[in-house]
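Student: I have the coordinates open and would like to work through some of the contacts. Could you take me through them one at a time?

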Amino acid sequence: MSFFKKSPWVIHYDGSSCNGCDIEVLACLTPLYDIERFGIINTGNPKHADVFLITGTINEQNLEVVRNIYNQMPDPKVVAAIGICATSGGIFRECYNVKGGVDTAIPVDIYIPGCAVRPEAIIDGVVAALGVLEKKAAALKTMKASA
Amino acid sequence: MATRTIVPFGPQHPVLPEPIHLDLVLEDEKVISAIPSIGFIHRGLEKLVEKKDFLEMTYVAERICGICSFIHGQSYCQAIEGVMKIDVPERALYLRTIWGEMSRIHSHLLWLGLFADGFGFESLFMHSWRVREKLLDLIEETTGGRVIFGTAKVGGVRRDMESLTLKRVEDELKIIEKMSHELTDVFKKDSSVKRRTVGKGVLSKEDAITLGAVGPTVRGSGIASDMRKLGYAAYGKISWEPVIETGCDCYARCMVRCRELYQSFDMIYQAMAKIPDGPVDVKVTGNPNGEYFARVEQPRGEVIYYVKGNNTKNLERFRVRTPTFANVPPLVKMLGGCELADVPVIVLTIDPCISCTER
């Protein structure tokens with residue numbers, strides 16, 4: 001974590017999940033798990049976010065919304081697909097309106113399967129995502145230095 | 001006439017855990033009208049009945065919504081049991097009541113938190129969710145899951161609770177009940193909460209009837225409409241009365257939910273005192289043939305399950321009418337003429353569950 005001067009902020013978007021994973025994402029921020037004590041804040045603004053937590057599958061209508069949020073996030077950024085629906089489509093895989101997991105819309109760095117995901121798993125996944133974020137940040141730095 | 005502006009609200013908005021899009025037509029700070037557009041969460045799971053058999057569909061039904069998941073599973077099972085004329089054992093009905101009410105308490109605590117967050121009372125949000133975690137521990141202990149229970153099944157329930165567990169759950173619930181009192185007292189008495197809720201988002205009794213509001217939204221407008229009075233599961237065997245408030249505003253709807261919390265605790269205690277011994281499920285043979293409507297009260301209001309079987313493993317038709325869908329027209333009515341800053345609070349008072357609505 002040496003690269004970062006501040007705590008990573010997350011943004012959460014509900015693709016088309018059943019809410020199960022969404023409330024578990026929120027539960028991570030509340031007193032029992034309390035990741036806010038590390039300064040991690042769930043921000044509503046994509047321009048302030050480093051980690052994109054996305055739950056649920058991608059369908060025809062939210063495809064553009066997800067891409068929009070992703071494109072508005074500044075580099076370096078990581079995407080964590082939370083729940084089995086975001087990973088592969090899960091139980092809704094065969095639904096006619098479901099295109100599949102989040103990786104059908106944007107590149108995903110970390111997959112966190114589970115139905116519903118436990119908060120411990122989400123925290124573990126986000127910590128893994130931060131490792132990826134650091135690598136991306138270092139790569140960006142060297143790229144800028146050589147340019 | 002002042003100039004009109006259109007402010008888009010959602011689908012990604014800090015106050016919304018789920019995506020819904022509203023186009024708010026404003027005149028200065030006043031909302032003239034709100035035009036909702038939905039479809040961001042549509043998966044089309046009703047059509048899944050063609051691919052999954054009617055027993056597997058229980059798990060799909062549970063995942064229509066992760067907050068009232070158990071009651072969704074229960075409603076689906078009731079509908080199938082209605083078609084197949086299955087007599088569910090008494091003990092299973094009581095267990096369904098207990099789990100159903102536990103999930104109602106969990107949903108209401110969750111809502112109280114989100115509501116507090118909606119008007120910027122962050123510490124109250126945290127407190128509500130802290131109390132809720134205690135309940136989730138009990139749910140995990142008795143069902144194995146935190147939010148998706150997976151215990152409903154056609155013909156009964158998948159797990160039993162031993163008498164020792166029941167006793168422990170009751171003791172723990174009493175502690176949670178005490179903690180909830182500290183919480184709801186703030187909602188009831190705090191002046192900053194009242195300032196944001198009293199007189200906001202008024203839905204008159206007549207409008208509530210005409211627009212077909214359900215659940216705490218209609219009960220907050222003084223109408224005693226509660227599907228549990230139909231007496232499904234064990235609700236016919238315990239004594240209770242629907243909670244109603246006559247304020248018709250955001251505060252009244254909040255009070256309905258606060259009081260329903262204690263009603264649910266009371267229902268669980270009653271059910272635990274009366275629960276009979278016996279099996280918790282019956283064997284299901286054959287395929288559903290015929291059609292059935294099941295009406296069940298969810299934390300958000302009345303849900304209607306329609307199933308139609310044609311004597312094969314796969315249902316011919318499966319349809320759900322969820323409470324939020326019924327509450328969208330009243331919401332649009334409430335939003336007309338309100339201040340822009342009150343929009344999040346008013347949207348939250350119908351306890352929107354978009355995932356249910358769009359499926």
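Student: Which residue meets D109(A) in a salt bridge?

Tutor: Keep in mind that this is a predicted model. D109(A) sits in the loop between β5 (98-100) and β6 (110-112) of chain A, and its partner lies 27 residues apart from it, in helix α4 (residues 119-146). The N to O distance is 3.2 Å, and the partner is K136(A).

Student: Is K136(A) buried or partly exposed?

Tutor: Buried would require a relative accessible area under 20%, and exposed over 50%. K136(A) has 29%, so it falls between those cut-offs. D109(A), with 27%, is likewise partly exposed. The answer for K136(A) is partly exposed.

Student: How far apart are the closest N and O atoms of R219(B) and E260(B)?

Tutor: Start with where they are: R219(B) belongs to helix α8 (residues 215-219) of chain B and E260(B) to helix α9 (residues 250-274), 41 residues apart. R219(B) is buried at 0% relative accessibility, and E260(B) is also buried at 0%. Both also take part in a salt-bridge network that includes E101(B), R104(B) and D226(B). The closest N and O atoms of R219(B) and E260(B) are 2.4 Å apart.

Student: What is the nearest side chain of opposite charge to D14(A)?

Tutor: D14(A) is part of strand β1 (residues 10-14) of chain A. A salt bridge needs a nitrogen within 4 Å of a carboxyl oxygen, and D14(A), although buried, has none. The nearest oppositely charged side chain is 7.6 Å away, and that is R43(B).

Student: Which backbone nitrogen lies 3.0 Å from a polar atom of the D14(A) side chain?

Tutor: D14(A) has contacts in both chains, among them N19(A) and T55(A) in chain A and P17(B) and I41(B) in chain B. Those leave aside neighbours within four places in sequence. The nitrogen you are asking about belongs to S17(A).

Student: Which residue takes a positive phi in the hairpin of β7(B) and β8(B)?

Tutor: Strands β7 (residues 301-310) and β8 (residues 315-321) of chain B pair in the antiparallel sense over six bridges, with G309(B) bridged to L315(B). Four residues lie between the strands, and the one with phi near 65° is N311(B).

How values were computed. Residues numbered from 1 in each chain as written. Chains lettered and ligands numbered in written order. Predicted model: local features only at pLDDT ≥ 70, side-chain atom pairs only at ≥ 80, totals over all residues. Heavy atoms only, no water. Helix = DSSP H or I, 4+ residues; strand = E, 2+ residues; numbered from the N terminus. Buried < 20%, exposed > 50% of the residue type's maximum accessible area, 1.4 Å probe, protein only. Lys, Arg positive; Asp, Glu negative; His and termini not counted. Polar contact = N/O pair within 3.5 Å; in protein donor to acceptor, adjacent residues only side chain to side chain. Contact = heavy atoms within 4.5 Å. Pairing = 2+ DSSP bridges.
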